[in-house]
Amino acid sequence: SYFKYRENGEDDGGTWGIDNVHTTDGSIGIGYSTNPRVETPPASKLIVTNSTIHNAAQNGLHVEHAITVEVRDSSFTQDDDEFHTNVFIGNQTKYATLENVTVIGEDLTFQQASNLIDGRVIDSTVITLNPNTDQAIENATHVINTYVETAGAIAINADHVIDSTIARFGE
């Protein structure tokens, strides 16, 4: 239940697609990385569609060094705090679209995406089960028509929040 792609940096990169993958348990559900000793290929792209990752021990989706990330019609969920099925988009990502995505458990973060130009969360649901999670959606550029439920101090940390709902639970 672990799907990992590692770009070798020998060309301009390419597209790695995950479609209709469904896993339960395991370490990281889907991982994408590039050799840290090489420059991120300019055409590196991850596309995830129609997939379900449930009860990952570390991350439901962990992306490092993909210029473009597209996730659609997919879910990353967990039963309880024993798991950490979050979505992590980081490092060299410049463009990310997560549309009709469900994250139940931890958070959806662009925290490490220092080169992010456009990071959109559209028509999605993010519910944090851990009351110690500070931000349900972190460092997105746009959150559009998305439902967020959290006990964290900051529900959404984004440049633009449009037609979204925030629900609070716990103390």
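Tyr5 is partly exposed at 23% relative accessibility (buried means under 20% relative accessible area, exposed over 50%, partly exposed in between; 1.4 Å probe, protein chains only). The model is predicted: local features need pLDDT of at least 70, side-chain atom pairs count only at pLDDT 80 or more, and totals for chains, interfaces and linings use all residues. Residues are numbered from 1 along each chain as its sequence is written, and side-chain values use heavy atoms, without hydrogens and water.

A search of the whole structure gives 3 aromatic pairs (rings of Phe, Tyr and Trp, the last by its six-membered ring, with centres within 6.5 Å; planes under 30 degrees apart are stacked, over 60 edge-to-face, the rest tilted). Tyr5 and Trp16 form a stacked pair, at 5.2 Å centre to centre and 20 degrees between the planes. This pair links distant parts of the chain: Tyr5 sits in strand β1 (residues 3-7) and Trp16 in strand β2 (residues 15-19), 11 residues apart. Strands are DSSP runs (E, at least two residues), numbered from the N terminus. Trp16 is buried, at 16% relative accessible area. Ring pairs join Tyr5, Trp16 and Tyr32 into a cluster.

Backbone geometry was examined next. Most residues other than glycine have a negative phi. Asn50, not a glycine, has a positive phi near 50 degrees. Asn50 lies in the loop between β5 (45-49) and β6 (52-54). Its relative accessibility is 37%, hence partly exposed. His65 is likewise not a glycine and has a positive phi of about 65 degrees. His65 is placed in the loop between β7 (59-64) and β8. At 14% relative accessibility, His65 is buried.

Note on methods:
Helices (H or I, at least four residues) and strands (E, at least two) are DSSP runs, numbered from the N terminus.
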